[in-house]
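Welcome! Please take a look at the protein shown below, and then let us walk through it together, one topic at a time.

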Amino acid sequence: FAFTHHGIRTGTLSTAEEEAYKKYLSTSVAKKLLICNHIGEGSLSVQGITRLVKKYKPEILIIDGIHLLSDKSEQVWQKMHTLFYACKPMAILNNIPVIVTTQANRAAANVFSPPTVKDVSFSDAALQASDILLSMCNSETDDKEKIIQLQKYRDDERTFKYLRLFWDVNK
């Protein structure tokens, strides 16, 4: 791409960059990715996303903000448990990886240290239903660089310390 991730996120793309992005989104490569981000969708549920997956048959599904999905559960912890556990069978039945984002809690105040499972909101549900947890933080040396940490847990214990990847979001 000839434009930056920052430009997309902040809405500062030029008209030419926006047109190039729209052109990319119409390609067959982009159509293999389904991103559910709730913008302009009103209430979005796992059942609705499952219908979209069956309709569009993406190779990967990204749910940006699982905590924003709707569910009929009255308790927040119950809602999160239901949502996280609904993603696993959807991934298995459709044979696709499902990546969901959630928010960090106040314990993750250090933006230069990848959050651990204890720093993540609704971590009990995430930990029990996920195969791998991925966390990301800022780099202290380069404001464009992010540090991504993959964490694998079994029985509430990390099975390996972590794998760190460095990612320049604008390349």
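## Two salt bridges

The structure holds two salt bridges, where a salt bridge is a side-chain nitrogen of Lys or Arg within 4 Å of a carboxyl oxygen of Asp or Glu. Before we visit them, please note that this is a predicted model, in which local features need pLDDT of at least 70 and side-chain atom pairs count only at pLDDT 80 or more, while totals for chains, interfaces and linings use all residues. Residues are numbered from 1 along each chain as its sequence is written, and side-chain values use heavy atoms, with hydrogens and water left out.

Asp131 is partly exposed at 42% relative accessible area, and Lys88 is partly exposed at 29%.

## The chain as a whole

Now let us step back. The chain has five helices and six strands; these are DSSP runs numbered from the N terminus, with at least four residues for helices (H or I) and at least two for strands (E). Starting at the N terminus, the order of elements is α-α-β-α-β-α-β-α-β-β-β.

Of the 171 residues in the chain, 31% count as buried. The accessible surface comes to about 11500 Å², and 54% of it belongs to carbon and sulfur atoms; such areas come from the Shrake-Rupley method with a 1.4 Å probe, and for residues only the protein chains shown count as cover. A contact means heavy atoms within 4.5 Å. Among contacts in the chain with a separation of 6 or more, 45% come from residues 24 or more positions apart.

## Helix H3 beside helix H4

Two packed helices are described by the angle between their axes and the distance between the axes. The axes of H3 and H4 come within 10 Å and cross at roughly 15°. These axes are lines fitted to C-alpha atoms, for helices over the stretch in contact, and angles run from 0 to 180 degrees between N-to-C directions.

Which residues meet? Val46, Ile49, Thr50, Val53 and Lys54 in H3 meet Leu83, Ala86, Met90 and Asn94 in H4. The buried residues of H3 (residues 46-56) are Val46, Gly48, Ile49, Thr50 and Val53. After H3 comes Lys57, which has a positive phi, near 50°.

## A look at Gln128

Gln128 lies in helix H5 and is partly exposed, at 46% relative accessibility. Leaving aside residues up to four places away in sequence, Gln128 touches His81 and Tyr85. Gln128 and His81 are 47 residues apart in sequence, and their C-alpha atoms are 8.9 Å apart in space.

Terms used: Buried means under 20% relative accessible area, exposed over 50%, partly exposed in between (1.4 Å probe, protein chains only).
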